[in-house]
Amino acid sequence: MTKEHETIKTAYGLVDNDALKKLQQEFDTSALLTIVDELDKVIDLLRSEDGLRDEILRLHGMAHTVLNGAGLSVPTGEDSLPEMVFDTISCVQRVVGIMRGWQRSIEPLEALGPKE
């Protein structure tokens, strides 16, 4: 017979007591503050001039011209459409990688959920 998981009441709801004890020993809550700092940097990467937002707008303009026959809205002679696609995907992958790291940092807290 297995021992039933105990829950404990906290200011923020019921949590699994065993997980709480383990996380109190192992989890560094300052990692969450690091994520906040990194989030600010990612937001800058996304919104800054020549950031991901601007890249996607340029990619749209280029694709719209090539695929739909629209007029030129992005200067020619700089990046080719395939280069722009590669650069945009690389930037998206970098952001996704950062966010996956955040997810791995936060996931241990899921163990706090009461077991039924």
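**Words and their cut-offs**

Author: Gladly! Let us start with asparagine 17, which lies in helix H1 (residues 17–26); helices are DSSP runs of H or I with at least four residues, numbered from the N terminus. This is a predicted model, where local features need pLDDT of at least 70, side-chain atom pairs count only at pLDDT 80 or more, and totals for chains, interfaces and linings use all residues. Residues are numbered from 1 along each chain as its sequence is written, and side-chain values use heavy atoms, with hydrogens and water left out.

Reader: Why does asparagine 17 count as buried?

Author: Buried means under 20% relative accessible area, exposed over 50%, and partly exposed in between (1.4 Å probe, protein chains only). Asparagine 17 has 13% relative accessibility, so it counts as buried.

Reader: Which residues is asparagine 17 in contact with, leaving aside its neighbours within four places in sequence?

Author: Those are Glu6, Thr7 and Ile8, where contact means heavy atoms within 4.5 Å.

Reader: What makes leucine 45 partly exposed?

Author: Leucine 45, in helix H2, has a relative accessible area of 23%, and therefore it is called partly exposed. Setting aside neighbours within four places in sequence, leucine 45 is in contact with Gly51, Leu52, Cys91, Arg94 and Val95.

Reader: And why is aspartate 44 called exposed?

Author: Aspartate 44 also has its place in helix H2 (residues 30–47). Its relative accessible area is 52%, so aspartate 44 is exposed.

Note on methods: Helix = DSSP H or I, 4+ residues; strand = E, 2+ residues; numbered from the N terminus.
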